[in-house]
Amino acid sequence: MQFEWTEEQDAFRHKIRDFLHANLPDDWEKFSEHGPASPALTAFARRFCVTLAEVGLLFPHWPQEMGGEGLGPWEQQILSEEMWIAGEPRGGQYMNVNWIGPTLEKYGTPAQKARYLEPITRGESLWCQGFSEPDAGSDLASLRTRAMLKDGNYVINGQKIWTSYAGLADTCFLLTRTSDDRKKGITIVLVPMDTPGITVRQIPSLIGEGDIHEVFFDDVTVPETARFGEEGQAWEIVAYSLRNERLGIPRFMLARAALDRAVMMLQERGDFAREYIRIEAARCAALCEAAGTANYAVVQKRLDGLAIGAESSSARYATVMAERAVCEFVVEFLPEALAGASPYLKMHHQRGIVAGIAAGSAEIQLNIIASEVLELPREPR
Amino acid sequence: MQLGLNADQRQVLDSVDALARPFLSPPLHDAGLALESEELDAALIENGFLDVMAVEELGPVTAALVVEKLARLPFAVEAAASALVRPLIDPELPRPLCLVEEGRISVPLRFLRPGATVVVVGPSGVRSFAASGGLIASAQDDTLYAYPVAFLVGLPEAMTVHDVDPAEVIRSWRVAMAAEAAGLLGAALASVVTYVSERKQFGRPLGTFQAMRHRLAEAQVATNTAYWLAMRAAASGDHADAAMALLHAQDAARRVCYDYHQFLGGMGMTLEHPLHLWTYRLKLLTAELGGRGAQGLAAAEALWG
C-alpha cells in the first residue's frame, strides 16, 4: 500500500498544468465563471479540445486500440483532477472521454463507432444525456419517453428534463421506453439533436448559465440503426457507464482548491486567527481528503481489473459531504464570495450544490451502500 | 499510488487473523465492560506483530494495518502505542505503553498499571518512567469505558529523557489512534449490521427501514474513509495527514456511538450485546489528544500556517 504518485505520474500532472498555463487565456478564471455548459465556454471548448487532441491530452488514458496511449486509470484521474480544478476547460466534452467514448467502444455497432468516435477524438463533438424526466428522477426506471419501431424507424415521443448541455449538444444519449417491462423495457437511442421534432428549452438555474434544459420529443424519427445495444439493454449499459461517471468528476479536488482559496482570503483580511474558523476549515479539509482517498480506492479496484460496484457510491457520498462542507464554510465565513468577491468560490458553489443531485441522488447512493456494501436486507417495495 | 495490500502485508494480516481466531467472540459468561486477554497479548509479542514497523519491508503502514485489525477484536489490546509510537522513542520500552500529554495528566489513562511505561510528551520534550503502584490511582470499578483505565496521581522526580522530537511523537500518536479508531468503527458497524438484519419489528428486519439504512450507510462512508485516512497518514508521515485522520475518526466516532446503541433499542442498553466493547472504547478515543478541536487546530496549523 503506498500513496505517492510515481515520477511519471507527477510528470504527467505537470505536463497538463504547464499546458493549461500556456494555453488558457489570461482572463480564464473570470471567463470560466460562465460555467462549463454556457455558450461561451462550449464555444471555447470546441477550439480547446481540438488543441488537446493535437497534443495528446484529450484521451491519453484510452487503450491504444482506441487511439489512446493506454495510460490507464490513474492518468485518467490526474487528467480529470487538473481539468476540473482549472474550471473544466473541456466543457461538456469531459463526458466524451470519460464514458461516452468507452461505452461506444464496448457496446456500439461498427457504424456507430465510425460515426461518433472520430469526432470525439478530434475534440469536436458535444453530447447530452437524456435520462431524467419530469416523473422519472431518482426512479429512473419509471421513464416514459416512448420509442416505437415503425417501418425500420424509431418514432420518439416524450420529454426529458434537467438535461445538461442539451442546448448546444450534437447528439443525445437518450433513454427511451420500448416496452412496459420496467428496467427491461428501456432502450438507448442515439439521437442527433438537429432531428426535426426536438425542442430544447433552457431552465433558469442556480448552477450556472445554460446548464440545464427541458427537451421535448414530438414524433422524432430516427432509423432503427440509431438504437444503441439491444432493446431492453439500456439498464445494463447505463449501470456500466454511470460507474465511470460517478468517478468521472473529481469534485473533491475543486472543493479542496476552493477551501484553500477561502482560507487565503480569510488570512488576507486577518480572520484566520479565529480558532473556530480554523477548526471548521480543518474539518472541511479532512472531508475533502477523505473523499479523495475513497475515490482513489475505487480507481485502484478498476486498475486491478475488478468490477466497480457499490463502493463508487460510497466514494461519491464522501464527495457530496466534502462539497457540502466547503460550500457551507464559504457562506458562513466569507458571505461576500458569492456576491462578487470571488468568481472562483462562486463558481465552486454553483458546481458544489450539484454534487448530491447529478448522476444519481445522494439518497440513492445511500440505498445502494445499504444494500450492496452493508448487505442489509432490502426494503419491501 | 498503489492502494492494495502487498504480499508481505497480506501475509502479516493473515497471520494476525490466524492468531486472533480464538479471540473473535467475547466469552459468554463475562459481562464486564472492558475485556482483556493476557494470552492474546503474549501471542502478539511472541510473534513480533507489534514490532513490524521497524522491519524495512513492512514499515508504518503495516503497523497501522495490524493495529486496525486488532482493534476489531472484542478484547482491548495495547497495540497502537506500542506498534506505532514506541519504535520512535525506544523499541525496548516495556509494555503496555501509556501516552500522556504534558500538562494533561489528569485524564483516564488506558492500560495504566504498575510496570507500564508512561511517556509524557510536550514542550519539555519526551520523557518516560515505569509506573509504580504509588503513582497510580485506580478508576472506579464500574468505569464506563471498555478499556482498562487508571489515573496518574503525579509524576516521579526523575524521568528518562528521550532524544526525539515531541512533534514527531504526537504525529505518530495521532496515526496510532486513528488506526485503532478505524478498526473499532469497522467492528462496531459490522456488529450493528448483523443485529438489525436479524431483529424483526412490524414483521420485517429493522435493517429494511430507510430511517436506519441511511444512517448506517453514512456510517459506512465515514468508517471507510477513516480507514483510508489513517493508512495514508501512516504512509506519508505528514503532520497534516495525521491530524486530519484523527479528526475525521473522532468525528465519526462521536456520531456512530450514539446511533449504534440507538439502533439496538433495548439491547443497546445492556451488556448482553457486545457492541459496547467497541463503542465504549471509541468514546474514550474521542477525548484522545484533546479531541476534535485540538486535531482541527493542529491540522489547520500544518496545512495553512
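Helix α9 of chain B, which covers residues 276-285, is mostly covered in this predicted model, with eight of its 10 residues buried; a residue counts as buried if 20 or more other C-beta atoms lie within 10 Å of its own, as exposed if 12 or fewer do, and as partly exposed in between, with C-beta atoms placed from the backbone. Helices (H or I, at least four residues) and strands (E, at least two) are DSSP runs, numbered from the N terminus. The buried positions of α9(B) are B:H276, B:L277, B:W278, B:T279, B:Y280, B:R281, B:L282 and B:L285, and they pack against α6 and α8 (239-263) of chain B. The model is predicted, and local features need pLDDT of at least 70, side-chain atom pairs count only at pLDDT 80 or more, and totals for chains, interfaces and linings use all residues. Residues are numbered from 1 along each chain as its sequence is written, and chains are lettered from A and ligands numbered from 1 in the order in which they are written.

When residues up to four places away in sequence are not counted, B:A230 touches B:A64, B:E68, B:V175, B:A178, B:A179, B:A182, B:A245 and B:A249, where contact requires that the C-beta atoms of two residues, placed from the backbone, lie within 7 Å.

Chain B as a whole contains 10 helices and nine strands, and buried residues make up 49% of its 305 residues. A compact globule of 305 residues would have a radius of gyration near 19 Å, and the 19 Å of chain B agrees with this; the radius is taken over C-alpha atoms, and the globule rule is 2.2 Å times the number of residues to the power 0.38. The C-alpha trace of chain B spans about 65 × 45 × 40 Å along its principal axes. For chain A, with 12 helices and eight strands, the radius of gyration is 21 Å, in agreement with the value near 21 Å for a compact globule of 381 residues. Of the 381 residues of chain A, 51% count as buried, and among its contacts between residues at least 6 apart in sequence, 73% join residues at least 24 apart.

An automatic or database domain assignment divides chain A into domain 1 (7-125), domain 2 (128-232) and domain 3 (250-373). The centres of domain 1 and domain 2 of chain A, taken over C-alpha atoms, are separated by 25 Å, and 14 residues of domain 1 are in contact with 14 residues of domain 2. On the side of domain 1 that touches domain 2, two or more residues come from each of α3 (39-54), α5 (94-107) and α6 (110-122) of chain A, with α6(A) giving the most, three residues.

Strand β4 of chain A (residues 171-177) is mostly covered, seven of its seven residues being buried. A:T171, A:F173, A:L175 and A:R177 point one way from β4(A), whereas A:C172, A:L174 and A:T176 point the other way. In a regular strand the side chains alternate between the two faces of the sheet. Strands are taken to pair if DSSP finds at least two bridges between them; four bridges join β4(A) to the parallel strand β1 (residues 127-130) of chain A, and seven join β4(A) to the antiparallel strand β5 (residues 186-192) of chain A. A:F173 is the bridge partner of A:Q129 and stands opposite A:L190 in β5(A).

Between the chains, 38 residues of chain A are in contact with 41 residues of chain B. α9 (275-303), α10 (311-333) and α12 (362-373) of chain A each supply at least two residues of the side of chain A that touches chain B, and the largest share, 15 residues, comes from α9(A). A:L376, found in the segment after α12 of chain A, counts as buried because it has 23 C-beta neighbours inside 10 Å. Apart from neighbours within four places in sequence, A:L376 is in contact with A:A370 and A:S371 and, in chain B, with B:V193, B:S197, B:G207, B:R213 and B:L216.
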